[in-house]
Amino acid sequence: MKKVLLIFLPLIFISCSATDSQTKKEIARRAGAMEFNRHVIQQKNGRSQKITDFVREMPLEQKIAQLFIENLDGNVRFRSYETFGDMTGSGDRTPLVAGGYLYFSYNIAPSREQMRAFNDSVADYCDNFGLIHPFLCVDQEGGWVSRLKKLSDPLPSNEDVAANFSVGEAYRIYSSQAEQMADMGFHMNLAPVIEVCTQDNRDFLDGRSFGNLSQVILYGRACINGYENNGISAVVKHFPGNTNTDPHTGLPEITLPKDELEKSVESFRRLIRANPSAVLMSHARTSAVDPNLPACLSAVWVTQILRNEWGYDGLIFSDDIFMGALADNGYSPEKAVVMAVEAGIDCIMISEKRFARAAAVLYKKALSESDFSARIDESVIRILKFKEKSGIWSPEG
């Protein structure tokens with residue numbers, strides 16, 4: 001027995017010593033990780049406070065300008081056609097520049113070099129007047145919705161990508177598109193569509209969906225990551241869905257029972273975990289949830305479900321408030337902008353080249369109602385946090 005003890009006791013001591021050493025290293029490693037995390041959180045909190053302080057000092061008209069995404073004129077050199085005075089009724093001739101700009105086909109220059117020069121001119125214009133740079137976005141979904149088809153590599157539709165490419169190949173396709181878009185000076189892509197294709201929306205989507213729920217989740221995540229990891233912010237759309245009624249001309253009515261409606265939005269609930277920069281709301285009304293209001297004007301869909309229940313903290317866009325779905329159903333742009341802000345929308349899309357008239361309604365209301373003004377501040381803080389994260393703007397100037 002003594003021999004046995006002599007043989008095994010040292011091994012036991014060695015084992016304990018190794019375990020102690022490993023434990024100490026692990027403790028030190030964890031302590032280091034915790035300290036690093038605390039440092040990151042402190043930095044993040046510090047940046048957040050700087051932005052909050054910056055917004056607190058911003059003139060109201062500058063805050064309201066940040067809420068809009070509008071179209072712009074031409075593709076050679078940028079200029080604004082409105083002033084702060086057009087919004088406020090004052091004599092202020094400061095150019096009115098939106099928080100973001102949406103490019104249509106006539107805004108796309110003939111070459112990549114010319115496209116970059118036009119986008120650079122937006123930044124130059126803002127620098128000349130000491131204005132916050134806007135984010136520049138485009139609909140580059142793929143297939144027939146490809147604004148940059150003459151300047152970028154061919155981009156198949158979502159339906160074609162899911163049918164003909166692996167998830168890894170899809171990620172590389174979208175990564176390459178992102179690199180090309182960023183090189184031309186864009187910041188954001190209004191894509192991907194992450195609605196599941198059904199008989200109720202197939203004709204309207206027309207190849208813009210990846211397919212069934214499994215395909216949408218797999219390929220949607222590849223698309224989001226491909227863009228976000230390569231300098232282009234992704235905007236998933238159109239939440240909570242559409243029907244075969246084109247919202248440009250009519251108001252989509254989703255009549256699914258509540259349990260089926262919840263299943264139909266599962267792709268959105270799952271994919272916002274991939275942290276897309278923005279979610280774009282649809283104009284659809286849902287009979288089972290807040291049935292009287294289009295989703296983009298519904299505090300239930302925007303704030304209660306997307307923001308609070310699902311915990312999404314990125315930007316929330318309206319769809320174009322000039323679409324027939326709103327304009328022809330009792331929601332004029334001047335009425336819709338107020339309802340959108342009250343619902344929790346951060347960025348109001350307007351396809352016109354001027355937005356001072358709609359902005360003036362918000363300006364007047366914010367002057368007289370402190371709660372409404374505070375609601376605007378929430379969105380402006382979120383917008384500027386996005387712009388800082390994307391390298392578009394800094395509170396230091």
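1. **The open sheet.** In this predicted model, eight strands are arranged as an open sheet, and the pairing is parallel. The order across the sheet is S11-S9-S7-S6-S3-S2-S1-S12. Strand S11 (315-317) and strand S12 (348-350) stand at the edges with a single partner strand each, so one side of each has no neighbour in the sheet.

2. **Strand S9 and its partners.** Strand S9 covers residues 278-281 and pairs with S11 in the parallel sense over three bridges. Two bridge partners in S11 may be named: Leu 315 for Ala 278, and Phe 317 for Leu 280. S9 is also joined to S7, by four bridges, and these two strands run parallel as well. There, Leu 280 of S9 is the bridge partner of Lys 237.

3. **Side chains of S9.** Are the residues of S9 buried or exposed? Ala 278 and Leu 280 point one way from the strand, Val 279 and Met 281 point the other way, and all are buried.

4. **The salt bridge of Lys 237.** The side chain of Lys 237 meets that of Asp 139 in a salt bridge, with an N to O distance of 2.9 Å. This pair links distant parts of the chain, 98 residues apart: Asp 139 lies in the loop between strand S3 (135-138) and strand S4 (140-142), and Lys 237 lies in strand S7 (residues 233-239). Asp 139 has a relative accessibility of 10% and counts as buried. Lys 237, at 3%, counts as buried too, because the cut-off is under 20% relative accessible area.

5. **A network of charged residues.** Which residues does the network of salt bridges join? Through shared partners, salt bridges connect Asp 139, Glu 141, Arg 147, Arg 208 and Lys 237 into one network. For the structure as a whole, the count comes to 20 salt bridges.

6. **The second largest pocket.** The volume of the second largest pocket is about 450 Å³. Among the 21 residues of its lining, Asp 139, Arg 147, Arg 208, His 248 and Met 323 are the closest to its centre. Of these, Asp 139, Arg 147 and Arg 208 also belong to the salt-bridge network described above.

7. Glu 388 and Arg 47 meet through their side chains in a salt bridge of 2.4 Å, N to O. Glu 388 belongs to helix H15 (residues 370-389) and Arg 47 to helix H1 (residues 2-57), so the pair ties together parts that are 341 residues apart in sequence. Glu 388 is partly exposed, with a relative accessible area of 21%. Arg 47 is likewise partly exposed, at 28%.

8. Glu 334 is partly exposed, with a relative accessible area of 24%, whereas Arg 357 is exposed, with 65%.

9. **The setting of H13.** How many residues of H13 are buried? Eight of its 11 residues are, and the helix is mostly covered. The buried residues are Pro 333, Ala 336, Val 337, Val 338, Met 339, Ala 340, Val 341 and Ala 343. What covers them includes strand S1 (68-71) and S12, together with helix H11 (299-309), helix H12 (324-327), H14 and H15. Just after H13, Gly 344 takes a positive phi of about 115°.

10. **The chain as a whole.** The protein chain has 15 helices and 12 strands. Of its 397 residues, 50% count as buried. Among contacts between residues at least 6 apart in sequence, 76% join residues at least 24 apart.

Notes. Residues numbered from 1 in each chain as written. Predicted model: local features only at pLDDT ≥ 70, side-chain atom pairs only at ≥ 80, totals over all residues. Heavy atoms only, no water. 1 Å grid on protein atoms, 1.4 Å probe; cavity = no way out; pocket = protein on both sides within 12 Å on 5 of 7 lines; lining within 4 Å. Points joined across faces, edges and corners; volume = space filled by probe spheres on them. Pairing = 2+ DSSP bridges. Salt bridge = Lys/Arg side-chain N within 4 Å of Asp/Glu carboxyl O. Buried < 20%, exposed > 50% of the residue type's maximum accessible area, 1.4 Å probe, protein only. Contact = heavy atoms within 4.5 Å.
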